[in-house]
Amino acid sequence: MSNQNQQFALLQSSQQPLIDEQIAELPILSFLNKRRPIKAKAQLTVENNDFEIEIINTKVVQNSFVVYEIKIKKGTLFWIFQTRYSLLESLSSKLSKNLKSNLPKFPEKRLFGNLDNDFIVQRGKQLDSYLKALFKLGRSENTVREFVRQTQKAAFMINDPTAVKLFNLDA
């Protein structure tokens, strides 16, 4: 089991608390966090830009922050990665002013009550709407293209049906 898979399994099981070193190694958009990127085996070209994005899950980690599990899909290929609100906020701050003016407002930061279940659900829906609009309107922006590339590197699950090798049953 790879180091990332072990850390994700640890994140999924709430019996063992994560320590700061483990949290720092979670597959979180490293380019926004200025960490060394994880090497990807194969990169998908982002020239065609007909991607779909959705937030598929949320999880409170150590009763201190929320991790958003995000799925990006292009045709039959998809990958899933995790990130925090602060890193998505950083992405938003790097976008051009022209693009920002056409996007829904980025969900506001909240100092207290940000671990409340109703708030997490509401913020997840707002972030989902924001990311969908970003992928629709900002497809050609370099920041969005880099976001897509880096999410592949940060993915803990990649499903590529074209990578399945065909074999002959009659042999």
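Colleague: I'm looking at helix H3 (residues 85–93) and helix H5 (residues 117–137), so where do I start: how do their axes cross?

Modeller: In this predicted model, the axes of H3 and H5 come within 12 Å and cross at roughly 30°.

Colleague: Why are H3 and H5 called roughly parallel to each other?

Modeller: Look at the angle: the axes cross at roughly 30°. The label applies to angles under 35 degrees, and H3 and H5 are therefore roughly parallel. As for the hand of the crossing, H3 passes H5 in a left-handed way.

Colleague: Which residues make the contact between H3 and H5?

Modeller: H3 brings Tyr85, Leu88, Leu91 and Ser92, while H5 brings Arg123, Leu127, Tyr130, Leu131 and Leu134. Sorted by class, that contact has seven nonpolar residues, one polar and one charged.

Colleague: Which residues of H3 are buried?

Modeller: Tyr85, Leu87, Leu88, Ser90, Leu91 and Ser92 are buried. The cover over the buried residues of H3 includes S2, S3, helix H4 (97–102), H5 and H6.

Colleague: And Ser93, what makes that one partly exposed?

Modeller: Ser93 lies in helix H3 too. Its relative accessibility is 48%. Across to Phe106, 13 residues away along the chain, the C-alpha separation is 9.6 Å.

Colleague: Is Ser129 buried or partly exposed, and how do you know?

Modeller: Ser129, found in helix H5, has 43% relative accessibility. Being buried would need a value under 20%, so Ser129 goes down as partly exposed.

Colleague: Now helix H6 (residues 142–154): how do you know what reach to expect from its first C-alpha to its last?

Modeller: H6 has 13 residues. The expected span is 1.5 Å times one less than that number, and for H6 it is 18 Å. The helix reaches 18 Å, close to the expected value.

Colleague: Which residues of H6 are buried?

Modeller: Thr143, Val144, Arg145, Phe147, Val148, Gln150, Thr151, Gln152 and Ala154 are. What covers them includes strand S1 (52–61), strand S2 (65–74), strand S3 (77–84), H3, H5 and strand S4 (157–159).

Colleague: What makes Asn63 count as exposed?

Modeller: Its relative accessibility is 67%. Exposed means over 50%, so Asn63 counts as exposed. Gln62 has a relative accessible area of 37%. That lies between the two limits, so Gln62 is partly exposed.

Colleague: Stepping back, how many helices and strands are there in the protein chain?

Modeller: Six helices and four strands. From the N terminus on, the order of elements is α-α-β-β-β-α-α-α-α-β.

Colleague: What share of the 171 residues is buried?

Modeller: Buried residues make up 41% of them. As for contacts between residues at least 6 apart in sequence, 61% join residues at least 24 apart.

How values were computed
Residues numbered from 1 in each chain as written. Predicted model: local features only at pLDDT ≥ 70, side-chain atom pairs only at ≥ 80, totals over all residues. Heavy atoms only, no water. Axes fitted to C-alpha atoms, helices over the stretch in contact; angles between N-to-C directions. Helix = DSSP H or I, 4+ residues; strand = E, 2+ residues; numbered from the N terminus. Parallel < 35°, antiparallel > 145°, perpendicular 65-115°, else oblique. Left-handed = near helix turned anticlockwise from the far one by under 90°. Contact = heavy atoms within 4.5 Å. Nonpolar A, V, L, I, M, F, W, Y, C, P; charged D, E, K, R; others polar. Buried < 20%, exposed > 50% of the residue type's maximum accessible area, 1.4 Å probe, protein only.
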